[in-house]
Structure formats: C-alpha cells, structure tokens
Amino acid sequence: MISGSTTRRARRGMLREWRLHALSVFSLAVAFVCLGSALLVVTNLRAVQDRWGHTGRASVYLKDGATQEEVDALRAALARVPGVTGVRYVTAGEARAEFGQVQASSGPALAGLPAEAFPASIELDVGPSLPDAELADMVAKMRQLPSVDDVETYQAWTERLGRLVRGGVAASGLLALVVFAAVLAVVGSTMRMALQRRRIEVEVLKLVGATDGFVRKPFVVEGSVQGALGALGAVVLLGVLFLVVRGRMDGELASLVGVEPTFLSWPIVVALVALGGLLGAVAALASLRRLVAV
C-alpha cells in the first residue's frame with residue numbers, strides 16, 4: 001500500500017529533481033512512440049483484414065459460348081443458395097461501360113477496347129451468414145461448370161493482408177522487447193542518479209531507524225510515474241500525428257479499402273499507460289535492490 005507520506009515524499013523528490021525526471025519521461029516517450037506506432041499500424045491493418053475477410057462479393061466469369069439458357073439456370077441456382085443475398089447478370093457491354101466510367105482518364109488505348117474484351121459475369125452478393133468453407137466449396141463446384149470460365153472471391157487479398165498483419169504483430173512484439181529494455185535502463189539509471197543526489201537524506205533516514213522498504217517506496221512511486229507519463233506522452237503525440245495524417249489523407253483511399261483509419265482503442269491506451277507505470281516501478285525497484293549498501 002502507498003501511504004500519504006510516501007506520496008508526499010515522492011512528489012517532493014520529483015519536484016526537486018524535475019529536470020532529471022523530465023529528461024527521463026522524454027526518453028521513455030520516444031521509446032513508447034515506436035511501440036505505439038507499430039500497434040497503430042497493426043490495428044488499422046487488422047481492421048482492413050476484418051473488412052475484407054468476408055468481402056460479401058463474388059464474380060462468376062462466363063465463357064464466350066455460354067447460352068442464355070445456361071446463364072438463366074445458373075442465376076436461378078445461385079439465387080437459391082443460402083447466404084447469397086443478390087444475383088446480378090452483367091453482360092459484356094455493361095462490363096465495358098462500367099470499366100469506361102472508372103477508367104475515363106486512362107487514355108484512348110483503354111477507351112477503345114471493344115466489348116468483346118470484357119467477359120460477361122454474374123455478380124453475387126454474399127451475406128456474412130455464409131461460412132468461408134461453404135463459399136469455397138461452392139466456388140469449386142461452379143468452376144467445373146462448362147459455362148463458367150473462372151470465379152473470383154478476392155480471398156487472395158485477404159490472405160495477403162493476413163500475412164501482413166502477422167508480420168506486423170511479430171514486429172510489434174520485437175519492438176515491445178526493445179521498449180521494455182529501454183524503460184528498464186532509463187528508469188533504472190534515473191533512480192540511481194536520484195538516489196546518489198539524496199544520499200545524505202537516505203543516510204539520515206536509516207540512522208533514525210527507517211527500513212529499506214520505507215526508503216525505497218518513494219523511488220518506486222517516482223519510477224512508476226515516470227513510466228506512466230512517458231507512455232501517456234507517447235499516446236498524446238501519436239494522437240496529434242494521427243489527426244494531422246488523417247486530415248491530409250485522400251478520402252478516396254479510405255473509400256477504396258472500405259475502412260476509415262482509426263486510432264488506438266481506449267483499452268489499448270489504458271493498457272499502454274499501465275504497462276509504462278508497471279515497468280517504471282519494476283525498474284526502480286530493481287535499481288535499488290542493493291539499497292542496504294548505500
């Protein structure tokens with residue numbers, strides 16, 4: 001338990017050595033910015049992965065020789081599949097027109113492509129109730145039909161995003177180890193320097209019978225406050241940078257990926273600050289483990 005006396009002694013010590021503590025907090029903030037940035041990137045990549053994990057769409061490309069009867073039969077069969085919420089037939093001409101609207105500024109080379117260059121397709125709207133395994137089984141069966149040329153479910157992009165997210169998580173874990181080492185080193189060095197500057201005060205306390213725990217407690221509180229302030233400063237700095245970057249980001253990019261960039265959630269922010277405080281306390285306690293020799 002932290003008593004009022006311990007808190008007052010810790011506050012007095014931090015005010016007395018405010019330059020030393022401010023430098024320590026700044027160093028810790030720099031370290032936590034690196035970890036927070038990695039977490040921010042992973043958070044947004046995971047949001048994109050969740051968005052595209054179930055794209056809600058599939059394209060069934062038809063062969064040139066597919067008859068209208070085959071197309072109608074396939075559309076009717078797909079409409080009866082549980083989980084398929086919409087079936088739309090797109091002719092080659094309609095596909096050419098849609099492509100022309102998207103690529104209006106691409107130049108005459110693409111604008112002059114004939115309608116025959118674009119395959120007819122059946123666009124499916126797939127609801128979230130359709131499991132990925134059943135969707136994959138349905139795709140495999142459709143690819144065997146004589147009128148179907150290919151089926152695109154866009155799962156390849158999801159798998160690439162998944163690998164990217166896993167790499168980001170691994171990088172975040174490595175950065176976390178580096179940050180832990182930095183916090184232990186910075187707070188430990190700061191506490192040892194503060195202890196040396198208060199050597200006379202500590203010696204007087206021990207002469208009048210103060211226990212090692214009584215002497216250590218203010219330093220542990222100071223280390224915890226340093227770690228928490230360093231993490232909080234990193235979060236504030238990341239928040240400002242995030243707002244600046246998001247304000248300059250082209251809205252078309254968010255529309256393309258289907259996800260608006262988001263900041264770290266409150267649980268992650270609280271956990272980051274708590275982690276900083278815990279590491280600071282542990283570093284201070286470890287640096288003063290040989291206090292008896294002071």
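Which residue forms a salt bridge with Asp-150, and how far apart are the closest N and O atoms? The partner is Arg-143, and the closest N and O atoms are 3.5 Å apart. A salt bridge here is a side-chain nitrogen of Lys or Arg within 4 Å of a carboxyl oxygen of Asp or Glu.

Before going further, a word on the model. This is a predicted model, in which local features need pLDDT of at least 70 and side-chain atom pairs count only at pLDDT 80 or more, while totals for chains, interfaces and linings use all residues. Residues are numbered from 1 along each chain as its sequence is written, and side-chain values use heavy atoms, with hydrogens and water left out.

**The chain as a whole**

The protein chain has eleven helices and four strands; these are DSSP runs numbered from the N terminus, with helices (H or I) of at least four residues and strands (E) of at least two. Of its 294 residues, 37% count as buried. Buried means under 20% relative accessible area, exposed means over 50%, and partly exposed is in between (1.4 Å probe, protein chains only). The chain exposes about 16800 Å², with carbon and sulfur atoms supplying 65% of that area, as computed by the Shrake-Rupley method with a 1.4 Å probe; for residues, only the protein chains shown count as cover. Among contacts (heavy atoms within 4.5 Å) between residues at least 6 apart in sequence, 85% join residues at least 24 apart.

**Salt bridges**

The structure holds two salt bridges. Besides the Asp-150 pair, Asp-137 meets Lys-141 at 3.3 Å, N to O. Asp-137 and Lys-141 both sit in helix H6 (residues 132-143), four residues apart, or about one turn of the helix.

| Residue | Relative accessible area | Class |
|---|---|---|
| Asp-137 | 41% | partly exposed |
| Lys-141 | 53% | exposed |
| Asp-150 | 34% | partly exposed |
| Arg-143 | 48% | partly exposed |

**Nonpolar features**

Val-225, Leu-229, Leu-232, Val-236, Val-240 and Val-244 make a nonpolar surface patch of about 460 Å². Patches are made of residues with over 30% relative accessible area and no salt bridge; like charges are joined within 9 Å, and nonpolar side chains (Val, Leu, Ile, Met, Phe, Trp, Tyr) within 5 Å. Val-225 lies in helix H9 (residues 212-248) and is partly exposed at 31%.

Ile-268 belongs to helix H11 (residues 266-287) and counts as partly exposed because its relative accessibility is 29%. Leaving aside residues up to four places away in sequence, Ile-268 touches Leu-39 and Thr-43. Its C-alpha atom is separated by 9.9 Å from that of Leu-40, 228 residues away along the chain.
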